[in-house]
Amino acid sequence: MALDDPRALDVAVVGAKAANLARAASARLAVLPGFAVTVDAVAAASAAGGFSNLADDAKDALHAAWRAVSGDGTRSVVTRSSATSEDAEGSSMAGRFTSVLDVWGWRGFVGALDEVAESARVIALDGSGSVEDHTMAILVQPFLPAAMGGVLFGADPVSGRLDRLALATVRGGPDALVSGEDGGSSQVLSRHGRVLTTEGDPTVAPDRSTRHALAAMARRAATVFGGPQDVEWAVDADGRLWLLQARPVTTLGTGVASGPVLGPGPVAETFPDPLTRLEQDLWLDPLRAGMAHALDLTGVVPRRRLASSPVALAVGGRAAVDLELIGAIPKPSSLWRKLDPRPGARRLRAAWRTGRLRNAMPSLASALVADVDDQLAAIPPVATLDDADLLGVLYGTRRALVALHGQEVLAGLLLTGGASASAGASGGAAAAALAALAEARRAGVPDERIPARYPVVLALVPPAIRPATLAPCSAALPVTDASPTSHMNAIDVDDVASLREALRLRARWVQEISAIAAWEVAERLASRGVVDDPDTVRHLPLAELEPALTGHGRVGAVREPASAALPAMFRLDALGRPVAVAVGGTRAGQGAGGGRREGVVVHDAAGVVGHEGGTVLVTRTLAPGLASVLPGLSGLVAETGSVLSHLAILARELGVPTVVGVADAMERFAEGARVVVDGATGDVEVVS
């Protein structure tokens with residue numbers, strides 16, 4: 001069926017690839033002439049054992065069509081898959097079926113048709129290893145000896161920007177690019193073809209007139225098909241631009257990440273590990289409220305800015321804070337700052353010196369510390385509490401944490417001496433905790449009893465809801481002159497650092513009491529058959545604990561997987577995913593999308609087997625044969641290749657973070673290393 005036949009617009013008759021080209025040709029886009037071997041004809045040939053076994057009338061019709069396209073055999077042709085399931089909105093099936101290029105002669109043509117038809121059986125991409133049978137037609141066109149070719153996306157597939165075009169170019173036809181063998185030159189263009197960024201070999205990049213023609217093709221294709229298209233193109237020896245394939249951009253991102261710059265740094269010491277849902281409710285929500293109160297009280301942040309900020313939040317279970325809000329990174333300049341050049345810290349210290357805060361805060365902090373100590377001492381063993389009193393402990397600790405965090409943040413804002421003073425104070429607490437741990441070991445105190453006898457050791461242990469607090473174990477502890485009781489009771493009201501350290505330690509003790517109470521709730525619910533096991537309770541919101549304790553039905557929880565380690569600085573995209581803020585504008589590679597995940601490095605596709613925490617395949621090229629292992633990957637890193645190659649498209653569709661163009665990746669990332677792959681920025685970071 002010729003591409004100019006009106007019936008060729010039907011995907012069910014000629015498959016998606018041929019139907020799309022027929023539609024493009026009818027809209028006067030530059031499409032090579034050709035024909036489709038229909039779905040019915042391919043099915044008949046497969047049933048007969050191959051195209052050479054077709055009935056004579058069908059074979060004669062096929063021979064006549066081949067002669068017309070090949071010029072009676074004087075030109076070679078291409079035979080390309082045109083399955084009804086490929087080039088669709090939901091999935092491109094990019095590179096999953098076979099195409100045979102530069103086919104000469106009738107016998108070669110018949111053999112190529114058989115090869116394409118046989119590729120309709122593919123391994124499913126759901127990780128099951130099962131085989132899928134797809135309905136296949138075959139597209140036949142003259143082979144185009146191209147001077148250059150490539151892939152053009154009518155939108156940026158990684159960021160989702162609709163005002164950008166993503167272009168990849170290689171010498172010759174686009175097959176070397178889409179197969180992942182040649183990364184060529186990559187450019188980001190404006191809607192009208194102006195170059196915005198360039199990567200790779202600049203000598204391969206198309207000239208100005210070709211770029212403008214490509215941009216016009218992208219705009220026209222988007223109009224014809226109703227949205228941005230993934231276009232394969234080629235330029236012949238005479239400089240004419242041809243459209244070889246058009247399909248929807250299936251992996252369009254969610255938009256440019258926006259909002260405040262966030263980061264885990266200020267809270268990484270307190271919450272180094274992912275927090276469950278209940279842990280977030282018990283500890284992160286009070287931190288957010290306390291920080292907001294402190295910032296509002298000092299007036300260093302406009303209330304409108306404070307109201308629009310998350311202040312502190314969990315991303316994939318990992319805690320982060322608004323770095324701009326707390327002054328960890330410079331804020332944009334404003335008219336007021338130009339009129340009043342004193343930094344916020346200087347203005348705050350000025351208020352401190354004038355006594356507006358100096359007279360109030362030390363006594364308030366000391367009173368709060370004493371009050372918290374009294375309340376902690378008054379709590380009986382949690383096993384003796386009834387359900388209502390247990391819930392009272394959980395809600396009461398939240399209120400105490402709001403006050404403790406608020407005053408701790410206030411002390412930090414007022415701390416003269418900046419980061420160095422803060423680091424020294426933290427070191428003092430750690431030294432006291434290590435001294436207490438060493439003393440406990442010398443006294444033969446069992447590990448599970450150490451926190452009760454020496455509560456200061458909790459400064460070394462991050463909070464977590466668990467059966468028992470585990471004291472940090474070490475064969476050799478450093479020698480220290482610190483007293484085990486320092487930073488517990490002694491508070492110098494004239495030293496803001498001392499106040500801050502006392503507040504921080506009480507916050508940790510309050511977190512521990514709430515963790516013990518939460519685990520008691522978990523064990524009670526498990527013993528009553530309300531949950532399958534105590535660990536389930538860690539993944540419930542706090543608001544569901546009271547109904548669970550008083551109700552009679554079973555409760556289930558959604559256990560959200562923890563995200564990879566967060567970037568040092570990032571913004572969130574429209575789906576709440578972190579997109580790293582590039583530092584200095586340099587990147588290790590080119591992000592091909594798929595998100596951000598963590599895993600253990602392997603170099604051989606055969607090694608993609610169930611590593612705990614995921615597997616990252618580091619390879620030389622994005623070979624199409626790797627498609628079958630994609631479902632089992634947490635990341636894919638290649639030394640060469642293009643973000644517009646078939647395998648990169650499939651990886652994005654499956655949500656596998658992919659980075660290409662990472663020089664010496666096989667040497668830089670050894671097997672067994674744990675890395676974080678960021679498909680948005682192109683960063684590959686070694687975690688361990």
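Valine 601 has valine 616 in β20 as its bridge partner. This pairing belongs to a predicted model. In total, 3 bridges join β19 to β20, and the two strands run parallel. Strand β20 also pairs with strand β21 (residues 635-638), again in the parallel sense, over 4 bridges.

Strand β20 spans residues 615-619, and because 5 of its 5 residues are buried, the strand is largely enclosed by the rest of the structure.

## The antiparallel sheet

A further group of 4 strands forms an open sheet in the order β1-β6-β2-β3, with antiparallel pairing. The edges are formed by β1 (35-37) and β3 (99-103), each of which pairs on one side only. On average, neighbouring strands of this sheet are turned by 25° against each other, direction ignored.

Two helices lie across this sheet. Helix α1 (residues 11-26) lies across β1, β2, β3 and β6, and runs at about 120° to β2. Helix α3 (residues 56-70) lies across β1, β2 and β6, running at about 150° to β1.

## Strand β2 and its partners

Which strand is joined to β2 by 7 bridges? The partner is β6 (residues 136-142), which runs antiparallel to β2 (residues 77-83). Two of the residue pairs can be named: serine 81 has isoleucine 138 of β6 as its bridge partner, and serine 82 has alanine 137 of β6. Strand β2 is also joined to β3, by 3 bridges, and these strands too run antiparallel. Here arginine 80 has serine 99 of β3 as its bridge partner.

Of the 7 residues of β2, 7 are buried, so the strand is largely enclosed by the rest of the structure. Both of its faces are covered. Val77, Thr79, Ser81 and Ala83 are buried on one side, and Val78, Arg80 and Ser82 are buried on the other.

## Helix α12

Helix α12 covers residues 361-378. At 1.5 Å a residue, its 18 residues should span 26 Å, and its end C-alpha atoms are 26 Å apart, which agrees with that expectation.

How are the buried and exposed residues of this helix arranged? The buried residues are Met361, Pro362, Ala365, Leu368, Val369, Val372 and Leu376. Seen down the axis of α12, these buried residues fall within an arc of 130°, so they line one face of the helix. The background is that an α-helix has 3.6 residues a turn, so residues three or four places apart point the same way. The face of α12 turned away from the buried side carries the exposed residues Leu364, Asp374, Ala377 and Ala378.

## Salt bridges

The count for the model comes to 28 salt bridges. One of them is formed by the side chains of arginine 171 and aspartate 201, at 3.9 Å from N to O. Arginine 171 lies in strand β8 (residues 164-171) and aspartate 201 in the loop between β10 (195-200) and α6 (208-225), so the pair ties together parts that are 30 residues apart in sequence. Arginine 171 is exposed, with a relative accessible area of 56%, while aspartate 201, at 30% relative accessibility, counts as partly exposed.

Glutamate 520 and arginine 524 form another salt bridge through their side chains, at 2.9 Å from N to O. Both residues lie in helix α16 (residues 496-527), 4 residues apart, about one turn of the helix. Glutamate 520 is buried, as is arginine 524. The side chains of aspartate 678 and arginine 596 also meet in a salt bridge, at 3.2 Å from N to O. Aspartate 678 belongs to strand β23 (residues 674-678) and arginine 596 to strand β19 (residues 596-602), so this pair ties together parts that are 82 residues apart in sequence. Aspartate 678 and arginine 596 are both buried. Salt bridges that share partners also join Asp387, Glu520, Arg524 and Arg528 into one network.

Notes: Residues are numbered from 1 along each chain as its sequence is written. This is a predicted model: local features need pLDDT of at least 70, side-chain atom pairs count only at pLDDT 80 or more; totals for chains, interfaces and linings use all residues. Side-chain values use heavy atoms; hydrogens and water are left out. The expected span of a helix is 1.5 Å times one less than its number of residues. Buried means under 20% relative accessible area, exposed over 50%, partly exposed in between (1.4 Å probe, protein chains only). The arc is that of the directions from the helix axis to the C-beta atoms. Two strands pair if DSSP finds at least two bridges between them. Axes are lines fitted to C-alpha atoms, for helices over the stretch in contact, and angles run from 0 to 180 degrees between N-to-C directions. Contact means heavy atoms within 4.5 Å. A salt bridge is a side-chain nitrogen of Lys or Arg within 4 Å of a carboxyl oxygen of Asp or Glu.
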